[in-house]
Amino acid sequence: MIWIGDVLVSRGEGGVYNERMLGGARVWDPYRSKLAALYFTGTGRDITQEMRVLYLGAANGTTVSHVADCAEVVYAVEFAPRPMQDLLEVARRRRNVVPIMADAARPEQYAPLVEAVDLLYQDVAQPEQAAIVLRNCAFLKTGGDLILMLKTRSVDVRKEPGEVFRDTADALEAGGLEITESVWLAPYHQDHAAIICRKIRTGGSA
Ligand code: SAM
């Protein structure tokens with residue numbers, strides 16, 4: 001990733017969400033983007049120019065736009081019509097963003113559009129986060145990485161965040177993923193954990 005001093009940036013056309021520019025690059029704000037927050041914790045996976053990324057929960061393309069600055073192609077899945085309009089504008093200005101309006105829980109709907117990817121990123125804030133990501137692991141190359149942004153309160157408000165984290169970790173491991181790192185994203189994002197995994201065996205059902 002690119003740092004200018006202690007500021008994280010990506011190199012691409014600005015003006016996506018009124019982001020600041022620094023030295024001709026786009027400032028990537030950890031309070032606006034969980035992926036940026038992950039890099040600020042000192043963990044995460046570098047995204048490089050030859051990588052294909054499947055991004056679940058694209059919203060209005062804030063983080064997608066930065067990922068697209070780094071990767072070869074980003075398949076960006078979002079099911080809500082309003083953010084999709086903004087995502088389409090991001091895709092109009094970045095030729096390597098493929099916007100897909102679909103439910104990430106039903107990957108068979110977009111399977112014909114998506115190639116095998118090096119990185120699977122999920123930020124859907126849904127109760128079934130682990131189940132959704134496991135269904136999409138069919139697109140992830142063996143040896144590829146998953147970054148799951150787990151919003152514990154979306155999974156079950158009655159459970160302690162730590163318990164939700166452990167249940168999710170168990171489900172991911174049972175699905176053929178090896179957890180390589182995990183970190184809580186406070187103070188940037190409360191009740192959010194990032195879980196980073198490697199796909200160690202074939203799985204998924206898309
Ligand atoms: N990743 C975005 C960013 O950093 O700019 C923010 C994502 S926001 C927390 C979660 C998004 O996931 C929402 O836009 C929501 O509509 C979308 N979402 C939730 N469940 C989904 C599903 N099953 N399929 C597709 N999108 C989903």
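**View 1. The largest pocket and the elements that line it.** Helix 2 (62-70) and strand 6 (73-78) each contribute at least two residues to the lining of the largest pocket; helices (H or I, at least four residues) and strands (E, at least two) are DSSP runs, numbered from the N terminus. The model is predicted, so that local features need pLDDT of at least 70 and side-chain atom pairs pLDDT 80 or more, whereas totals for chains, interfaces and linings use all residues. Residues are numbered from 1 along each chain as its sequence is written, and side-chain values use heavy atoms, with hydrogens and water left out. A pocket is an open set of points on a 1 Å grid over the protein atoms alone, where a 1.4 Å probe fits and protein lies on both sides within 12 Å along at least five of seven lines, and its lining residues have an atom within 4 Å of a point. The largest pocket holds about 380 Å³ of space, the volume being what probe spheres set on the points fill. Its lining is made up of 23 residues, and G57, A58, A59, E78 and D123 are those nearest the centre.

**View 2. The ligand in the largest pocket.** The ligand takes up the space of the largest pocket, a placement that requires more than half of its atoms to lie within 2 Å of the grid points. Around the ligand there are 16 residues, and Y55, T63, E78, D103 and A104 come nearest; to be counted, a residue needs a heavy atom within 4 Å.

View 3. In the side chain of T63, an N or O atom is 2.6 Å from an oxygen atom of the ligand. For E78, too, a side-chain N or O atom is 2.6 Å from an oxygen atom of the ligand. A nitrogen atom of the ligand lies 2.8 Å from a polar side-chain atom of D123. Taken alone, the ligand exposes 600 Å², of which the protein buries 84%, by the Shrake-Rupley method with a 1.4 Å probe.

**View 4. The second largest pocket.** This pocket has a volume of about 170 Å³. Helix 4 (129-136) and helix 6 (161-174) each provide at least two residues of its lining, which includes P127, E128, Q129, L150, K159 and T168.

**View 5. Two loops with backbone features.** In the loop between strand 10 (177-184) and strand 11 (192-199) lies P187, and the peptide bond leading from A186 to P187 is cis, with omega near 10°. The loop between strand 2 (7-10) and strand 3 (21-22) holds N18, a residue that has a positive phi of about 60° although it is not a glycine.

Key:
A polar contact is a pair of N or O atoms within 3.5 Å; within protein, one must be able to donate a hydrogen and the other to accept it, and residues adjacent in sequence count only if both atoms are side-chain atoms.
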